[in-house]
Structures are given as C-alpha cells and as structure tokens.
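Here is a briefing on one protein model. Keep the sequence and the 3D view open as you read.

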Amino acid sequence: MIQATNIHKRFKQFEALKGISLEVAKGEVVAIIGPSGSGKSTFLRCLNRLEMIDEGSIVIEGEELVTTNAEGKIQYANEPEARLICRKMGMVFQQFNLFPHLTVLQNVVEAPMTVKGVKYPEILPVAQELLRKVGLEDKMNNYPSRLSGGQKQRVAIARALAMKPDIMLFDEPTSALDPELTGEVLKAMRQLAEEHMTMIVVTHEMGFAREVANRVIFMDKGEILEEGTPEEIFEKPSQQRTQSFLNVVA
Ligand code: ADP
Ligand code: MG
C-alpha cells in the first residue's frame, strides 16, 4: 500500500529525515515510536504531501506520488494526480482541527460533499453509521465546543473515514487528551485495525503499539534505528537507544 524509499527532508540546513524507507502492506498496522523531534510527524506529513521531500520516492497503492531519477532530480506527480493519490490516505492529528462553526454531522459530511461532490442524501447515512461506530450517534447535532477532547477526536476519525481512505495516518491522536479520555479513542482505532484498515500510527501509547501493531518502528534523529514485531522491540530491542527510550516512556 505504501512504499517510501530513502526519504530525505531538510528544513533549511537541518536534515529532519535522513533516508527513511518504509513499506506497509495492506491491512498492516505500523506503530512509529521515538523521542520528540525525531521526525515522526514530518515523515507522516511527507507521505500525504503536507511536506515536500528533497530526495526519495513515495508510491501509494502502486501510484507514484514522487520519484527521484538517476540524476537526483525530484519529480512529483502533477497536481490533480497527486491530489487523487493523497486522497487515499486519511489523517488524524494531535489537535483535532474540527470546523468550530459546523456541527458534528456537518464536519463529517463536509469533505465528501465539497471535495468529492457526493450528494447529501448519499453521504448522510454513511456519516450516521460512522458516528454510530465511534459512539457519537447522540452528538451529531452538537458543535465541537460542546464536546470533550475524546469525543472531538472520535469525530475527527469519523470525518477522515467519510472520505473512504484505504490508509489511515494517525499522528499522536491521544497526546492532547486527558488520560481518562484516551481509552475511548484507542478503542475506536483498535476497532478500525480489527476491520483490517491499513494504518500508520505515531504514538506514545506503548500498550496500544504492543497490542494492536503488527510492526513497530523506532525513529531517532531522522532515522529508523530499528524495527520489528512488538515483541522484538519491547522485549529485546537490539539498540541501546531504543532500550533507553522505552525505559523512560514504558
Ligand atoms: P516528532 O514528530 O518526532 O516530534 P517532527 O517531525 O515534528 O518530530 O520534527 C522533526 C524535526 O524537524 C524537529 O527538530 C523539528 O524542530 C523540525 N521541524 C519540523 N517541522 C519544521 C518546520 N516546518 N520548519 C523547521 N523545522 C521543522
Ligand atoms: Mg510529532
């Protein structure tokens, strides 16, 4: 589903990603862990073109979003194509980014209607079903300001799913939540994993990574330092830096 190869990303002189390569298969749940500033968010943002890369290639479901030729020249797909490719991925951020002036239901139907041109009668039952799945059927007509953080994040998940993505990217979806609210969001994500959604999840929730992920990636200073099954990473990491990180967070 995702083939990212040798991704380099610089901000001025600073190299935030130093040659990241990652392949994700259909239905796989990949957790990315690592210290703050290691490039986790930047990597996710490169995948869906919120950041442009400086070198490397990204292929999503066999379609080239960006490639680098033998001379090192970077080539992005043209704008309409790139937009279609990136539409295969839904993203949920740490900050929920809901539209404050729209109700929960309106937040969920907005993108399918404006971006894809889906008609309201068609998207309405889809949105209702998604909101039911994340346990918010009784909040559909509320405004985001009336919701808890956990409820807002579940709306954000339903909203991303309304675009019918093949891949979901989560960037620390529970980091802005009070501890007692993280469970309900993780539950919605776990359910999605059980339905075999392909997912990349940047998270500090080691319990979630251990139980739900098929593969765990440890990033440090713009590189993938090690990767393996949850058991390999959490029980017997091969790198000292992974161990020290886990000692602090787990
Ligand atoms: P993480 O998500 O792992 O905490 P980030 O991907 O947010 O890390 O950041 C990686 C590094 O890149 C950090 O040092 C950060 O300061 C830097 N960085 C991220 N975005 C920008 C930007 N837009 N401009 C300059 N530096 C950035
Ligand atoms: Mg981040």
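Predicted model: local features only at pLDDT ≥ 70, side-chain atom pairs only at ≥ 80, totals over all residues.

Residues are numbered from 1 along each chain as its sequence is written, chains are lettered from A and ligands numbered from 1 in the order in which they are written, and side-chain values use heavy atoms, with hydrogens and water left out.

**The sheet of 5 strands**

- This open sheet has the strand order β2-β1-β4-β5-β6, with antiparallel pairing. Two strands pair if DSSP finds at least two bridges between them. Strands (E, at least two residues) and helices (H or I, at least four) are DSSP runs, numbered from the N terminus.
- β2 (14-24) and β6 (74-76) stand at the edges, each with a single partner strand, so one side of each has no neighbour in the sheet.
- From one strand to the next, the twist averages 20°. Angles run from 0 to 180 degrees between N-to-C directions, and axes are lines fitted to C-alpha atoms, for helices over the stretch in contact.
- Strand β1 (residues 2-11) runs antiparallel to β2, and 8 bridges join them. His-8 has Lys-18 in β2 as its bridge partner.
- Helix α1 packs on this sheet and touches β1, β2, β4 and β5 (63-68). Its direction makes about 120° with that of β1. Contact means heavy atoms within 4.5 Å.
- Helix α2 (residues 79-86) lies across β4 and β5, at about 115° to β5.

**The sheet of 6 strands**

- This open sheet has the order β7-β8-β9-β3-β10-β11, and its pairing is mixed.
- β7 (89-92) and β11 (223-228) are the edge strands, and each pairs on one side only.
- Direction ignored, neighbouring strands here are turned by 20° against each other on average.
- Strand β3 (residues 29-33) pairs with strand β9 (residues 198-202) in the parallel sense, over 4 bridges. Ile-32 stands opposite Val-202 in β9.
- Helix α1 lies across β3, β7, β8 (167-171), β9 and β10 (215-220), running at about 150° to β8.
- Helix α9 (residues 240-249) packs on the sheet as well, touching β3, β10 and β11. Its direction makes about 100° with that of β10.

**Two helix pairs**

- Two packed helices are described by the angle between their axes and the distance between the axes.
- Helix α3 (residues 104-116) and helix α4 (residues 120-133) pack at about 130°, with axes 9 Å apart. α3 and α4 are therefore oblique to each other. Angles under 35 degrees count as roughly parallel, over 145 as roughly antiparallel, 65 to 115 as roughly perpendicular and the rest as oblique.
- On the α3 side, the contact residues include Val-108 and Met-113; on the α4 side, they include Ile-123 and Leu-131. By class, this contact has 11 nonpolar, no polar and no charged residues. Ala, Val, Leu, Ile, Met, Phe, Trp, Tyr, Cys and Pro count as nonpolar, Asp, Glu, Lys and Arg as charged, and the others, Gly among them, as polar.
- Helix α5 (residues 149-161) and helix α6 (residues 179-194) pack at about 20°, with axes 8 Å apart. α5 and α6 are therefore roughly parallel to each other.
- Among the contact residues are Gly-149 and Arg-154 of α5, and Glu-184 and Leu-192 of α6. The contact of α5 with α6 divides into 7 nonpolar, 4 polar and 2 charged residues.

- Asn-48 sits in the loop between α1 (40-47) and β4 (55-60). Asn-48 counts as buried, at 12% relative accessibility. Buried means under 20% relative accessible area, exposed over 50%, and partly exposed in between (1.4 Å probe, protein chains only). Not counting residues up to four places away in sequence, Asn-48 touches Cys-86, Met-89, Met-91 and Leu-169.
- Val-92 is in strand β7. Val-92 is buried, with a relative accessible area of 1%. Leaving aside neighbours within four places in sequence, its contacts include Gln-153, Ile-157 and Phe-170.
- Thr-182 is in helix α6. Thr-182 is buried, with a relative accessible area of 12%. The C-alpha atoms of Thr-182 and Gln-151 are separated by 10.0 Å, and these residues are 31 residues apart along the chain.
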